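Q: Hi! I'm new to this one and would like a quick tour. Could you bring it up?
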Amino acid sequence: MRHINVIGIGAGDPDHLTLQAVKAFARTEVFLLLDKNEQRQELVELRLRMIEEHARPGHRVVQIPDAERDRTTPAYREAVDDWRRRRSELVESLITEHVGPDGTGALLVWGDPCLYDSITAVLDEILAQGRTEFSYDVVPGVSSVSVLAARHRTTLNRVGRPVRITTGRRLAAEGFPPGAEDAVVMLDGRGAFAGIDPEGVHIHYGAYLGTPDEILVSGPLADKAEEIARLRQEARDAKGWIMDTYLLRRTEG
Ligand SMILES: C[S@@+](CC[C@H](N)C(=O)[O-])C[C@H]1O[C@@H](n2cnc3c(N)ncnc32)[C@H](O)[C@@H]1O
């Protein structure tokens with residue numbers, strides 16, 4: 001039967017690749033790459049370099065543009081459902097057209113495929129439809145959240161306490177997550193940290209983690225919010241895109 005390796009490739013440093021990921025690269029005949037957009041060309045190139053370095057001779061690479069999500073509509077849930085459906089059609093056609101009946105394909109995922117990524121849901125949806133048969137497994141990757149904590153030489157949680165992982169969208173809607181003491185924020189297109197009450201909150205901020213353009217800032221949110229917002233805007237203007245993650249830690253109040 002066809003087999004698909006879903007491989008977590010880390011947050012941006014080629015050295016984040018685990019030995020398990022490297023072995024999965026070597027077992028793969030065809031790499032199925034969904035590209036976000038041209039602005040992120042350096043990420044595309046980084047992925048191709050990883051393949052070049054670790055794939056077996058004779059491997060193939062197929063690249064197609066990923067489905068884009070409609071970010072202009074206020075109907076968030078519907079837009080996500082529609083995007084997932086189009087993504088699932090794309091992935092299904094990639095698998096049927098490029099992975100032979102007994103072949104092995106790979107889908108490469110930034111960070112860890114099990115954190116804020118829809119690829120496993122997409123594969124399950126394809127299988128549930130019953131038109132295409134394959135098996136798949138998931139190779140965990142070094143998440144941007146792990147890299148954030150490591151680069152700031154901190155822990156995500158405090159002793160015996162929980163940590164919340166949330167999105168910029170939720171942070172903007174509800175402020176510092178109710179009931180949480182430590183919260184990691186991902187997928188924040190608008191710098192939602194600047195809109196919350198900074199009193200008694202410490203921020204560990206990281207952009208382009210693991211890459212040569214990495215930005216790290218840490219300190220009381222009240223002192224650092226402006227600086228981070230400025231650095232973030234400058235970086236976004238210069239590169240055309242930004243990927244950032246941060247830990248908000250309630251230190252008092
Ligand atoms: C769709 S999620 C994917 C997360 C990924 N699966 C992971 O484990 O890191 C994309 C979000 O991950 C975070 N992210 C991914 N790579 C990053 C990096 N190199 N530096 C900072 N944040 C990153 C950002 O919050 C971004 O909006």
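Q: How many salt bridges are there across the interface of domain 1 and domain 2?
A: The rule finds one across that interface, where a salt bridge means a side-chain nitrogen of Lys or Arg within 4 Å of a carboxyl oxygen of Asp or Glu. E42 also forms a salt bridge with K239, with the closest N and O atoms 2.8 Å apart. Keep in mind that this is a predicted model, where local features need pLDDT of at least 70, side-chain atom pairs count only at pLDDT 80 or more, and totals for chains, interfaces and linings use all residues. Residues are numbered from 1 along each chain as its sequence is written, and side-chain values use heavy atoms, leaving out hydrogens and water.

Q: Where do the two domains run?
A: Domain 1 covers 2-139 and domain 2 covers 144-250; the bounds come from an automatic or database domain assignment. Their centres, taken over C-alpha atoms, are separated by 27 Å.

Q: And how much area is buried between domain 1 and domain 2?
A: About 1200 Å², with carbon and sulfur atoms giving 63% of it. Buried area is the accessible area (1.4 Å probe) that two parts lose on being put together, summed over both. In domain 1, A11, R40 and Y116 lose the most area to domain 2, together 40% of what that side buries.

Q: How many residues are in contact there?
A: Eleven residues of domain 1 are in contact with 18 of domain 2, contact being heavy atoms within 4.5 Å.

Q: Switching to the ligand: which residues come nearest?
A: Among the 16 residues around the ligand, the nearest are A11, D112, S144, D244 and T245. A residue counts as near if one of its heavy atoms lies within 4 Å of the molecule.

Q: Which domain do those shell residues come from?
A: Both domains supply some: the shell draws at least three residues from each of domain 1 and domain 2.

Q: What about backbone atoms by the ligand?
A: D244 has a backbone N or O atom 2.7 Å from a ligand oxygen. A polar backbone atom of D112 is 2.8 Å from an oxygen of the ligand, and one of L209 is 2.9 Å from a ligand nitrogen.

Terms used. A polar contact is a pair of N or O atoms within 3.5 Å; within protein, one must be able to donate a hydrogen and the other to accept it, and residues adjacent in sequence count only if both atoms are side-chain atoms.
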